[in-house]
Amino acid sequence: MKKTLLSFAVMAFMGAASVSSAQAQAKMTPGTVSVGGQAMYPNKNIVENAVNSADHTTLVAAVKAAGLVETLQGKGPFTVFAPTNAAFSALPAGTVETLVKPENKATLTKILTYHVVAGNMTADKIMAAIKAGKGTASLKTVSGGTLKAMMNGPKNVVLVDEKGNVSTISTYDVTQSNGVIHVIDKVLMP
């Protein structure tokens with residue numbers, strides 16, 4: 001069940017933003033980025049793209065278990081910080097399996113909506129907010145929590161959750177019809 005759940009859920013949201021060849025990239029629509037080995041089309045919504053990413057199957061399964069599919073297919077715009085399958089795998093054993101149980105839907109929803117910020121926060125906007133905040137930007141999440149964004153080097157944005165855990169954005173500005181996705185390497189906790 002764990003393997004099936006991980007494969008089904010996280011398939012779409014995370015992954016490396018690399019294309020296997022220049023030829024494959026040339027075939028993609030302008031503005032399209034590859035995540036989890038699949039093209040993320042800017043004319044599709046967050047869920048429509050996410051379900052195709054091999055690196056985000058766990059995230060997709062969690063979104064479905066929390067009943068957030070319809071919300072993330074909505075008008076938005078939303079900024080989603082999407083943890084990869086590897087990020088979910090780094091959680092203590094049994095965490096994902098426990099969270100996707102129906103009795104834990106409220107907790108799962110809070111964790112997932114902690115990864116979402118209202119608006120279209122591109123990397124440029126996040127970096128500008130960090131500069132305006134003299135090194136730290138506070139991002140209000142849909143769950144009501146706060147993420148801190150900071151620079152780690154000249155072009156690398158990291159997020160710090162309310163527990164002090166640090167996640168690095170590995171892929172920036174995956175444009176969606178209803179927002180933007182940034183792939184991250186850790187699950188953030190409210």
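Where does G135 lie? G135 sits in the loop between helix 9 (123–132) and strand 5 (137–140). This is a predicted model, where local features need pLDDT of at least 70, side-chain atom pairs count only at pLDDT 80 or more, and totals for chains, interfaces and linings use all residues. Residues are numbered from 1 along each chain as its sequence is written, and side-chain values use heavy atoms, with hydrogens and water left out. Helices (H or I, at least four residues) and strands (E, at least two) are DSSP runs, numbered from the N terminus.

- G135 counts as partly exposed because its relative accessibility is 31%. Buried means under 20% relative accessible area, exposed over 50%, and partly exposed in between (1.4 Å probe, protein chains only).
- G135 is in contact with I130, A149, M150 and M151, leaving aside its neighbours within four places in sequence. Contact means heavy atoms within 4.5 Å.
- From C-alpha to C-alpha, G135 and A149 are 8.3 Å apart in space, and they are 14 residues apart in sequence.

**Nonpolar cores**

- The largest nonpolar core has 28 residues. Such a core is a set of buried Ala, Val, Leu, Ile, Met, Phe, Trp, Tyr and Cys residues joined through side-chain atoms within 4.5 Å.
- L72, V80, L108, L112, I181 and V187 have the most contacts inside the largest core.
- Elements giving two or more residues to this core include helix 4 (57–65), helix 8 (105–113) and strand 9 (179–184).
- A second, separate core has 15 residues, among them V117, I126, A137 and L159.

**Helix 4 and helix 8**

- The axes of helix 4 and helix 8 come within 9 Å and cross at roughly 125°. Axes are lines fitted to C-alpha atoms, for helices over the stretch in contact, with angles from 0 to 180 degrees between N-to-C directions.
- That angle makes helix 4 oblique to helix 8. Angles under 35 degrees count as roughly parallel, over 145 as roughly antiparallel, 65 to 115 as roughly perpendicular and the rest as oblique.
- L59, A62, V63 and A65 of helix 4 meet K105, L108 and L112 of helix 8 in this contact.

**Burial in the two helices**

- Helix 4 is largely enclosed by the rest of the structure, because 7 of its 9 residues are buried.
- The buried residues of helix 4 are T57, T58, L59, V60, A61, A62 and V63.
- Just after helix 4, G67 takes a positive phi of about 75°.
- In helix 8, the buried residues include L108, I111, L112 and T113. Their cover includes helix 4, helix 7 and strand 4 (116–118).
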